[in-house]
Amino acid sequence: MSKTTTANQLAATSGSEVVASICQEILRRHRFLLTSHARPDGDSIGSQLAMAYALEALGKDGHNLFANPDGGDRWQPLVAAFLTANGR
């Protein structure tokens, strides 16, 4: 889909067309910055890590940004330990 695709056009396409479009865009690019919502929970962090691994399998660079605007770092030590244990 082009950059001029509107939300209405996207909503009018079938689910498989949307997925195909997303896949095409991923394949066209090399570097990705992955992030999520404020104060990420375990599901959010797991999804980010899974996407980074999928991108890596495609030969892409996926960089995770785990942001907590409130300054809390509840998950950072766990994520750091996971990444270190898996050679990241």
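1. Contact range. Among contacts in the protein chain (heavy atoms within 4.5 Å) between residues at least 6 apart in sequence, 62% join residues at least 24 apart. The model is a predicted one, in which local features need pLDDT of at least 70 and side-chain atom pairs count only at pLDDT 80 or more, while totals for chains, interfaces and linings use all residues. Residues are numbered from 1 along each chain as its sequence is written, and side-chain values use heavy atoms, with hydrogens and water left out.

2. Secondary structure. The protein chain has 4 helices and 2 strands, in the order α-α-β-α-β-α along the sequence. Helices (H or I, at least four residues) and strands (E, at least two) are DSSP runs, numbered from the N terminus.

3. Strand pairing. β1 pairs with strand β2 (residues 61–64) in the parallel sense, over 4 bridges; pairing requires that DSSP finds at least two bridges between the two strands. Together, β1, α3 and β2 form a right-handed β-α-β unit. Right-handed here refers to the crossover: with the strands pointing away from the viewer, the path from the first strand over the helix to the second runs clockwise.

4. Surface and burial. The accessible surface of the protein chain is about 6,300 Å², and carbon and sulfur atoms hold 59% of that area. Areas come from the Shrake-Rupley method with a 1.4 Å probe; for residues, only the protein chains shown count as cover. Of the 88 residues in the protein chain, 17% are buried. Buried means under 20% relative accessible area, exposed over 50%, and partly exposed in between (1.4 Å probe, protein chains only).

5. Nonpolar core. The largest nonpolar core has 5 residues: I26, F32, L34, A52 and L55. Such a core is a set of buried Ala, Val, Leu, Ile, Met, Phe, Trp, Tyr and Cys residues joined through side-chain atoms within 4.5 Å. At least two of the core residues come from β1 (31–34), and at least two from α3 (42–57). Beyond its neighbours within four places in sequence, F32 contacts I26, L55, K60, D61, G62 and H63.

6. Salt bridges. The count is 2, where a salt bridge is a side-chain nitrogen of Lys or Arg within 4 Å of a carboxyl oxygen of Asp or Glu. R28 and E25 form a salt bridge with an N to O distance of 3.1 Å. These two residues are about one helical turn apart, because they are separated by 3 residues in helix α2 (residues 15–28). R28 is exposed, at 61% relative accessibility. E25 also bridges to R29, with the closest N and O atoms 2.5 Å apart. R29 is partly exposed, at 34% relative accessibility. Through shared partners, E25, R28 and R29 belong to one salt-bridge network.

7. Two further positions. L27, in helix α2, is exposed, with a relative accessible area of 53%. L27 and G59 lie 32 residues apart in sequence, with a C-alpha to C-alpha separation of 9.7 Å. S44 is in helix α3 and is buried, at 9% relative accessible area. Not counting residues up to four places away in sequence, S44 touches S36 and H37.
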